[in-house]
Amino acid sequence: MVRGMSERPFMQLYVSDFVGDTLQLSTEQIGAYMLLLMAMWNAGGSLPEDDARLARVARLPLKRWRAISAELLAFFEREGDEIGHKRLTKELRKARLKSEARAAAGARGGAATAFKTKAHTQANADVLTRHSPESRNQMEKASAFSAREGRERPGRLKKPPGWTRPKTHGDAANAIIEEIRGYDHGRTAAGNEGAGGNVLLLPAIRPD
């Protein structure tokens, strides 16, 4: 019964219809009728057709219940060993449909929220990964490797250790001329009259 109360926290009451339908009932009978309706609502739409139980619901002594129950039970429908109420059953069905619709909407909203939360969490994780020290080191290493790989393209030979750029033809000619001149100076100092003409024998080589 507590479960029923939690699922259906309120019962719809059409006051005008209720007053019009119960004009022939006494105050005592109206009170008993309302108690029966509320108990039936909480029970899910039906109550056992048992005088002792119905008397307890109506909060009346069993003898008094039997004295006034004939008029009250005329508002209910008998189904096997239980009694029900047509109007109350209709309202219960409406309340149940609304409850199911709200539950379905809540489930959809919960799924959407969970999806957004997961996406947000993943995005934050990606950001943290990109900005973590280890990730930055890895990206810097990859960037440096790519730059070095770009500089060392296939077809360009790697320079060996101690390599220097070759001298130009002019540099080579000047070096030869200076060597010959040094040789001629030595001959001149020794008294050789033909010294100093060796450079003139190399017309293709001129100093810059």
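L73 is found in helix α5. Helices (H or I, at least four residues) and strands (E, at least two) are DSSP runs, numbered from the N terminus. This is a predicted model, in which local features need pLDDT of at least 70, side-chain atom pairs count only at pLDDT 80 or more, and totals for chains, interfaces and linings use all residues. Residues are numbered from 1 along each chain as its sequence is written, and side-chain values use heavy atoms, with hydrogens and water left out.

L73 is buried, with a relative accessible area of 11%. Buried means under 20% relative accessible area, exposed over 50%, and partly exposed in between (1.4 Å probe, protein chains only). Leaving aside neighbours within four places in sequence, L73 is in contact with L54, W65, R78 and I83. Contact means heavy atoms within 4.5 Å. L73 and G84 are 11 residues apart in sequence, and their C-alpha atoms are 9.8 Å apart in space.

## Overall layout

The protein has 8 helices and 3 strands. Along the sequence they follow the pattern α-α-α-β-α-α-β-β-α-α-α. Of the 208 residues, 20% count as buried. Among contacts with a separation of 6 or more, residues 24 or more positions apart account for 60%.

Helix α5 buries W65, I68, S69, L72 and L73. These residues cover an arc of only 140° around the axis, which puts them on the same side of α5. The arc is that of the directions from the helix axis to the C-beta atoms. What covers them includes α3, α4, β2 and β3. The face of α5 turned away from the buried side carries the exposed residues K63, R66, A67 and A70.

Helix α4 buries L54, A55 and A58. Their arc around the axis is only 105°, which puts them on the same side of α4. The cover over the buried residues of α4 includes α3 (27-43), β1, α5 and β3.

## Helix packing

Two packed helices are described by the angle between their axes and the distance between the axes. Axes are lines fitted to C-alpha atoms, for helices over the stretch in contact, and angles run from 0 to 180 degrees between N-to-C directions.

| Helix pair | Angle | Axis distance |
|---|---|---|
| α4 and α5 | about 90° | 10 Å |
| α3 and α5 | about 80° | 10 Å |
| α3 and α4 | about 105° | 8 Å |

Angles under 35 degrees count as roughly parallel, over 145 as roughly antiparallel, 65 to 115 as roughly perpendicular and the rest as oblique.

Take α3 and α4, whose axes pack at about 105°. That makes α3 roughly perpendicular to α4. Their contact is made by A32, L35, L36 and A39 of α3 and L54, V57 and A58 of α4. It divides into 7 nonpolar residues, no polar and no charged. Ala, Val, Leu, Ile, Met, Phe, Trp, Tyr, Cys and Pro count as nonpolar, Asp, Glu, Lys and Arg as charged, and the others, Gly among them, as polar.

Next come α4 (residues 51-58) and α5 (residues 62-73), at about 90°. They are therefore roughly perpendicular to each other. From α4, the contact uses D51, A52, L54, A55 and A58, and from α5, it uses L62, W65, R66 and L73. These residues divide into 7 nonpolar, no polar and 2 charged.

The remaining pair is α3 and α5, at about 80°. These helices, too, are therefore roughly perpendicular to each other. Here E28, Q29, A32, Y33 and L36 in α3 meet R64, W65, I68, E71 and L72 in α5. The division is 6 nonpolar, 1 polar and 3 charged.

## The sheet

Strands of a sheet pair through backbone hydrogen bonds, either parallel or antiparallel. In this protein, 3 strands form an open sheet with the order β1-β3-β2 and antiparallel pairing. The edge strands are β1 (46-48) and β2 (77-79), and each pairs on one side only. The twist averages 35° from one strand to the next. Two strands pair if DSSP finds at least two bridges between them.

How many bridges join β2 to β3? There are 3, and the two strands run antiparallel, with β3 spanning residues 82-84. E79 stands opposite E82 in β3.
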